[in-house]
Amino acid sequence: MPLSALVVSKFSTTTIVRPCASSSTVLCNHRVSSLVQQRSIRSLATLRDCRNAVRCTSVPPPSQMQKRNKMICSHKTFASDLNELFKGNQDYVSNMKRDNPGLLEQLAIEGQKPPFMVVDCSDSRVSEQDIFSAQPGTMFTAGNIANRFDEADLNSNAVLSFAVETLKVKHVVVMGHYGCGGVASSMLLVNMDQVTRPADIAVQKWISPIREIYETSERKEIVEHRERCKENPITELPDLHDPAFRALVEENVKSNVEKVAKSAVIRDHYASVASSNGAKSPEEEAQIEVFIHGWVYDVENGKVSDLGVSVGPPGKRLPPSPFPMVDA
Amino acid sequence: MLALQNIVLVSSLFLSAVAHPVHQLRELTIVGRDQSARVVRSETTAAAAAAGLEVLSSGNDAFRKNLADNDPQLLQKLATDGQAPPFMFLGCSDSRVSEASVFNAKPGTLFTQRNIANQYQRNDINAQSVLSYAVSELGVNHVIVMGHYGCGGVGAAIASAPTANVDAANGAVQNWIEPIREILHSSNRTELVELRTKNTGLAVVEEPDIKDPGFRALVEENVKASVRRIAADSVITNHFALLQQGGSTAAERRASEDKPPQDIFIHGFVYDIETGIVQDLGVSVGPAGKAIPSIPFASVAKAAVESAAAHDSETPKPAITVLELPVIQARCGTLCKAKRSLVSLWY
């Protein structure tokens, strides 16, 4: 096997492919002297990580390796991230078999029939199935920055359309969360002429409707913040507990609930409920009714609150909320 | 006769009690009567709807209790420190494919865009803003595009488009899945060519069965197309260009941390909704000169061969497939070499 230099350093680094002691499976080990000079090697892994990556359990124990050499893999960070995901997926599969045998197959054969559609934030701390301990098949989800809905956005409109028309969900939930980065960014003053990176342009365009809410809202906390910023514009993102930030998170959710309710998809749907008015059987009516709710998730404690802005088909009673109202 | 009626009435009451709380309208039946008395509709649906929502509040209680028992500091820490997810995830809106569950991942792991059929389309500011924020603000290490077999959006792209009664909802979905139709019509992949040939001339094409090879192939090709589009997107090409200039001297630094731009790898995975297993499509892309990290997920091609064999021989399919030795050697070989030519940004 050719030995190739992994890194140029004072101590030579070698890559050795060696036969495994017990099974004679050939493995690749990355061996670098413990006194590596080159700093561009990122976080080094132990033999265990590499071993897990190749799933060979017959690698000789470290004590048998040359003592002064550490086993490293220059891709530890990246490889070990993926390994975590892989292990997580394995755990998921075995947990499912143990706790819910047959559920996945049943959902695959019968198709999904979720009672809920959720519009939630892309934020990595907000995963809807987790937060509600829901089983697979419960929530049809649109995930984007700051849980926005806009009819003009084909992406979110298609999700709502499919959910309401084809899947016949009972509830559409718009769920925001305190500490939302997208909402926070919309509170910072920005000169669009100075925004040049494609990444920044994309994010600014996406959150511009939230900016509009910030600039026009009559809610006390937001008005106060606006007044203060006229003299002293903020240069840093607001703190998680800033009352204006929390208010804007809530107002953003309310605005999106309104946009969902006013969308052509929902208006058509409610029109068909109104026109049926007793002509359809209870089952058919129940199928086409859909309620829209606005909730907020608190990232600090995992609690969900209701904003009290639910909308339903005209003439139908709203279901009582399962979550406490936000004190507004 | 009356006894029989009683039995029927009682059993229908029992059935309605165990039926799905949301979809089933309860019919009150009074034993001994000829006809049942119907409860006022709106109250019943409100009750049924409320019952559906209560599932969520008890679920949320369970979530919080579980965290309090097992990891009480987690949420507070994430709230105070902010999120630093290693992954951006582009997945389908499908209710059976929730990313944190499928990877058993803790909060703070996956920054997510979910839309119908996990598409990354040009000119879609929704997905692009998620990618942008992930790459330039959060500094994710990986972008994962994950499709799934049995995807309704992909199935709808195979089926004929509705011609009559196209309302706003239908129109939106059809527009959104148009790029998948294009892949179907232009791909040279064997299964897709066969599917096209089979369907030409048919007046109405139905959505195919989940096991249909053409359907599965289109799910995979759709993921690959999104991986390609992400790799070609200005957000990524810009980022890779910054890396080429040598990170520490790069003029632009990520706003959130005072660090140089870091490597990002884009991967294409597919999720099997029948088994819960995630597999790799082997189309990963990275910056020029960097080797792709070893991917622990089984590769799709190999798994397909195995499952065909398993179906033939009736032996139980292994739940997880271990990477083959030549694959391991090849991957380790790439990691060991000092200079590596770019795994092509093929197009």
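The legends below describe close-up views of a predicted model.

View 1. Of the 328 residues in chain A, 55% are buried, and among the contacts in chain A with a separation of 6 or more, 64% are made by residues 24 or more positions apart.

**View 2. The crossing of helices α8 and α9 of chain A.** Helix α8(A), which covers residues 220-231, and helix α9(A), which covers residues 243-262, have axes that come within 8 Å and cross at roughly 125 degrees. The two helices, α8(A) and α9(A), are therefore oblique to each other, and their crossing is left-handed.

**View 3. Residues at the contact of α8(A) with α9(A).** On the α8(A) side, the contact is formed by E221(A), I222(A) and H225(A), which meet P243(A), A244(A), A247(A), L248(A) and E251(A) in α9(A). The residues of this contact comprise five nonpolar, one polar and two charged.

**View 4. The surroundings of R219(A).** R219(A) lies in the loop between α7 (198-216) and α8 of chain A. Its relative accessibility is 15%, and because residues under 20% are classed as buried, R219(A) counts as buried. The side chain of R219(A) is joined to that of E250(A) by a polar contact of 2.8 Å.

Note on methods: Residues numbered from 1 in each chain as written. Chains lettered and ligands numbered in written order. Predicted model: local features only at pLDDT ≥ 70, side-chain atom pairs only at ≥ 80, totals over all residues. Heavy atoms only, no water. Axes fitted to C-alpha atoms, helices over the stretch in contact; angles between N-to-C directions. Helix = DSSP H or I, 4+ residues; strand = E, 2+ residues; numbered from the N terminus. Parallel < 35°, antiparallel > 145°, perpendicular 65-115°, else oblique. Left-handed = near helix turned anticlockwise from the far one by under 90°. Contact = heavy atoms within 4.5 Å. Nonpolar A, V, L, I, M, F, W, Y, C, P; charged D, E, K, R; others polar. Buried < 20%, exposed > 50% of the residue type's maximum accessible area, 1.4 Å probe, protein only. Polar contact = N/O pair within 3.5 Å; in protein donor to acceptor, adjacent residues only side chain to side chain.
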